[in-house]
Amino acid sequence: MRWSRGEEEEEAAGSCYLIVQGYGTVGSDLHFPYPRIWGFVVGPFPHSPTPGCVIWVRVPQVLRRHILGSIVQSERSYVDSLKRILQDYRKPLLEMEPKVLSARKCRLVFFRLREILQCHSMFQIALASRVAEWDSSERIGDLFVASFSKSMVLDVYSDYVNNFTTAMSLIKKACLTKPAFLDFLKKRQMASADRVTLYGLMVKPIQRFPQFILLLQDMLKNTPRGHGDRLALQLALTELETLAEKLNEQKRVADQLAEMQQLSKSIGDRSALSKALAAGQRQLLLCETLTETVYGERGQLLKSKERKVFLLSDLLLCANANFRAQLELPSLAPLGPRYALKWSSALPHVQVVEVGQDGSDRDGATTGVTSGVTGATTGATTGVSGASAGQRRLGHGHGHSATGPAAHNKVYLGPPRLFQELQDLQKDLAVVEQITLLVSTLHGTYQNLNMAVAQDWCLALQRMMKVKEEEIHSANKCRLRLLLPGKPDKSGRPISVMVVFITPSPLSKICWVNRLHLAKIGLRDENQPGWLCPDEDRRSRAPFCCPILCCHIPAFSSKALDLQLGAAVHNPVHSSLLGFSAVSTSLPQGFLWVGGGQEGAGGQVEIFSLNRSVPRTVKSFPVPAPVLCLELIPEPEPPDPAGPGAPPEPPPSTPHPAVCLGLQDGSLLVFGSVDSGTPCLQRCRAPGAPPILCLRHSPEFLLAGLQDGHVAAFPRSQEGLWDAGAVRMLQVGSGPVRALLVLEESLWASSQNLVSVLSTPELQSQHCFEAHPEPAAAVTRMVRAGSGVWMAFAQGAAIRLFHTETREHLQEINVATRTTLLQPGQKIVHVTSLLLCQGSLWVGTDLGIIVLLPVPRLEGIPKITGKGMVSLNGHAGPVQFLALALSTLAPDALRAEQDEPDEAEEEKSPDPEGLPPQEMRKKGILLQYRLRSTAHLPGQLLSVREAAPGTPATPGHAEEDGSIYELADDPDVWVRSRPCSRDSSRKEICSVAIVSGGRGYRDFRAESARRSGDADSSLLIWQLPLAL
């Protein structure tokens, strides 16, 4: 149902309403009768409702009533559960004689439950009054804000959450030592109608706020714009999300502490490791039950055993988990196992290796984590290390493959049979190629011995190699292979021990490889510590809880010119050549475009590949003037063919994706992506040639903010580019247009301290509001978060929050209070850049300091509630820009072996066009060629698989893309292939990095604030753990 924006227009045009019966007020028992829908009526809304039980309501009103009924019913059920805990468990245990649980332990188990019940009883009373007034007000958002924004609610729930693990431990211990207590729990569970256990009841307070959030999201979705309750619902959603985030973090820390304490007790009190764990010197990053496997020389599985693997901030541990309890006990209370430590290894010595990985590549890896390309490499080495006499556990026995100096360069893990078969195919292919050369020298003509048959042999072997590569890739998806240092042998030579784990899913392996990689980076000096937390009395934050600084590199390869940074943008491109671990450890896949220049001279564009753990320049070229802004035009989403109003597909010649450059001389340049050779697709100039300060795009226009106060709107042309001849010039102010923001139905453009709101796609002026009372405080940055927009200004250290719908000023934050932690004497601070990423607002300043502020992630009001963090790594000059690099992992990375589609059913990609022969032969670019079909020749074809039933010929002998048979030498550049439609619905995993640009690098940890390369433009890159 689409509703009109204005009431007058709605009254004139008529709307759709429902006749509802059974609508009325609700009594004190909170019973909410759902309305009964009788039928639809189209027409103007009656000014006075029909008396009696039949009235007129709109469709959104009906939906909001249903959601309100769900809130009432959910709250009633929650309060009843709290009463059950206190009346059916706490009270009998306190009154029981003889006592099976002491009064002190009983109070500890049910700590703060009475206070929680009191809070929700008051909320239930207020909710009943709002339901009774629903006919006249239809407001509920302010009730949530008033009820759950109190500090008392946070304190009560925090105490309960922090005590939850202790309470469950007491219940578990009592069940094991006191049969009467266990019998009491069983009887209470059987006596209840729903058979919910005590644990099931006590976990409900932890789950309460996520349930509230879902209900309020539904209510907000069905509340139209302009409704009096909409802003209050958004504020309520923010309050509940903030509260839930704090409780979740406290629960995570409590669970981590309990796990570490359990591990410390299991190791023993006398060991140094146990003392270090008990002292809290290490942080638990990841723990999971994995299956350890041991393979023989021929790839056969010798044995497997479940292990509990712990990844700490600087240590990797493997333990046996022993559950010694009655079978029915886990259903009554969660049990923690006792651990028997098998081995431990310092994290810098742990390396991840894939099947067929060359040891020399591993030893030369920059980050210490092995990441290689899984596929057919031309000079693959041979050798197998299996269950031989040289195998030994990490000083504990046998069962792991060991490699000494004689085989340090040839390491194979897991079942080596697959890689050996691939090498055999490579050798056979080399022999067949020699035979092909000999056949070409024949003088006679023979039906079964000619060049067509010889080439068919080569192509069939290549197909078999491809299938073998896919089998190796599938074997890598759930097999985590770790190379660990072992005890030296009798002669004193070092021994490397290989441990192979089977992860529950490909997602689990991606998580382990990524966490291992980032944990190693977190041990570097620049991340020890990396951030300062003002709300913790200047305490430094553990590296893994914060973005981790991966590297700082020069922004331009040319050092002869003094180039100033202008802007940066990330162009995500997926590489099918990157191996499984390489995808997990590299920066977000794709290319980072960095633009700048020299005042009064030309500009420069530097393109970095992010397909490694450290960026690498792949291309650099000059432009006529300094680059002031960059904008990525992404590839359009594929339309849904089932949709009735699906737009037609763009023409094949549409150049997507593309990168637009705005220059100081008013030029607009459009370049193709790196995989197409970065051709310049379009050159045009804004009318009057004023400098282009900012660029944004919408489905209909490319929008350019100009120095003279105009916004130039370039419409799309038939070729998929921008029509410079039909450009529309929109006057939004007298000052420069420094910031543009495209929303769903409007465009925000800033000029001086004013922000103009234009409707889209009409580009008609709707509203203009003052963002700052000082005329000199021009708006320089705007970022959207949820239902708000954060703005930065040319003067002052304040950032301001405005509502996207009402344009109301909601919050103001002074960044200077954070930066004074690093530079106490510096009081004048200006905000130079803003960026929003995964619930954090990044703020760059003219002092080179970067501040991180927490903001809600949902569609509520993005108010800042915490004090945030300050980075101890920054620039020696102003932070010119903050850019987001984000890409999703290829969907086939999550496909398990049983999900692999049959090769005969795979859809072949068409051959890409537009590559000149000289470009095809460059290093790193795949050769694109077509395979000749020899299916018409007599005889048995050398094929890799049987023909599918009903197919006329062997699959793979039709004309197809041959690029899949040749690997690039360098994964930094590749040819883009067409995405597969069947992967569109698969779950995505986001890889995120933050790039800041400015003068030099500055370490704020040192007393003298150590600087390096003050005169050079530099990039600092932070990496975040994969968003799973």
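Q: Which residue in strand 25 does Leu703 stand opposite?
A: Welcome to a predicted model, in which local features need pLDDT of at least 70, side-chain atom pairs need 80 or more, and totals for chains, interfaces and linings use all residues. Residues are numbered from 1 along each chain as its sequence is written, and side-chain values use heavy atoms, without hydrogens or water. Strands are DSSP runs (E, at least two residues), numbered from the N terminus. In strand 25, the residue opposite Leu703 is Ala713.

Q: How many bridges link strand 24 and strand 25?
A: Strands pair when DSSP finds at least two bridges between them. Strand 24 (residues 701-706) runs antiparallel to strand 25, and the number of bridges is 5.

Q: Which residue of strand 26 is the bridge partner of His710?
A: Strand 25 also joins strand 26 (residues 728-731), antiparallel, through 4 bridges. There, the partner of His710 is Gln731.

Q: Is strand 25 enclosed or open, and how many of its residues are buried?
A: Buried means under 20% relative accessible area (1.4 Å probe, protein chains only). One side holds His710, Ala712 and Phe714, the other Val711, Ala713 and Pro715, all buried. Strand 25 (residues 710-715) is therefore largely enclosed by the rest of the structure, its buried count being 6 of 6.

Definitions and conventions: Buried < 20%, exposed > 50% of the residue type's maximum accessible area, 1.4 Å probe, protein only.
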